[in-house]
Amino acid sequence: MLAQILITTLQILSTFYLTIVLLRFLLQVARADFYNPISQFVVKATNPPLRPLRKVIPGWGGVDGAALVLAILIQMMTFLLILIALNNGLPAINPVTLLAWSVVTVLGLIVKIYFWSVLAIVIISWIAPGSSHPAIQLIGQLTEPVMRPVRNVMPSLGGLDLSPIVVFLLLNVISIIIEHMARGVGLGNIGVAL
């Protein structure tokens, strides 16, 4: 019972911080406004572990590769701690397997971030269209890289934007692929729910 409480707490805390780290990565990919107060929080929360990593892992094309590596390292450490709690000691696990589990879990979390962000944008467009709240602006900037290609292909239907439906379908297809990848690398119930 104590091990299960520890594992659940560890999963919640690591997923929370992992989400912040991945938001930093995705906001850089989206070229979001880093003067936004929420962006400033994300930067301040992720700077301490990212500073030393940046000395080893350079960015490319304006994207912070160190943030993505940090996310994978956090997930690897989480899996290792969960396995230690389950086995009452250090388990004999292949590091490549641990890396594969972590990469698949991080990919799943990225898809979840986009799914919930697109859903939030759809709901906000009904409730508060044109709002200037910093969170709404940031979510709009975050989703733009996945929405823009679909909007460019789909014709406008008199002010009705159907691109979120296509994006939801694509995200669900990607999620199914990631679930199959998770099974393929042997990721069982210890991972973050995809």
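**Exercise 1. Determine what share of the contacts between residues at least 6 apart in sequence joins residues at least 24 apart.**

Solution. A contact is defined by heavy atoms within 4.5 Å. In the protein chain, among contacts between residues at least 6 apart in sequence, 65% join residues at least 24 apart.

The model is predicted: local features need pLDDT of at least 70, side-chain atom pairs count only at pLDDT 80 or more, and totals for chains, interfaces and linings use all residues. Residues are numbered from 1 along each chain as its sequence is written, and side-chain values use heavy atoms, with hydrogens and water left out.

**Exercise 2. State how many helices and strands the protein chain has.**

Solution. Helices (H or I, at least four residues) and strands (E, at least two) are DSSP runs, numbered from the N terminus. The protein chain has six helices and zero strands. Its C-alpha trace spans about 60 × 35 × 30 Å along the principal axes.

**Exercise 3. Describe helix α2, its bend and its N-terminal end.**

Solution. First, the length: α2 covers residues 37-56, 20 residues in total, and reaches 28 Å from its first C-alpha to its last. This is close to the 28 Å expected at 1.5 Å a residue, where the expected span is 1.5 Å times one less than the number of residues.

Second, the bend, which is the angle between axes fitted to the seven residues ending at a residue and the seven starting there. α2 bends by about 60° at asparagine 47, and proline 48 follows within four residues.

Third, the N-terminal end: asparagine 36 caps α2, with a side-chain oxygen 2.9 Å from the backbone nitrogen of isoleucine 38.

**Exercise 4. Identify the buried residues of α2 and what covers them.**

Solution. Buried means under 20% relative accessible area, exposed over 50%, and partly exposed in between (1.4 Å probe, protein chains only). The buried residues of α2 are Ser39, Val42, Val43, Thr46, Asn47, Leu50 and Leu53. Their cover includes α1 (2-29), α3 (65-87) and α5 (134-153).

**Exercise 5. Find which residues have the most contacts inside the largest nonpolar core.**

Solution. A nonpolar core is a set of buried Ala, Val, Leu, Ile, Met, Phe, Trp, Tyr and Cys residues joined through side-chain atoms within 4.5 Å. The largest has 41 residues, and Leu18, Leu22, Leu26 and Val106 have the most contacts inside it. The largest share of this core, 11 residues, comes from α4. Leaving aside neighbours within four places in sequence, leucine 26 is in contact with Ile110, Ile113, Tyr114 and Leu142.

Note on methods
A polar contact is a pair of N or O atoms within 3.5 Å; within protein, one must be able to donate a hydrogen and the other to accept it, and residues adjacent in sequence count only if both atoms are side-chain atoms.
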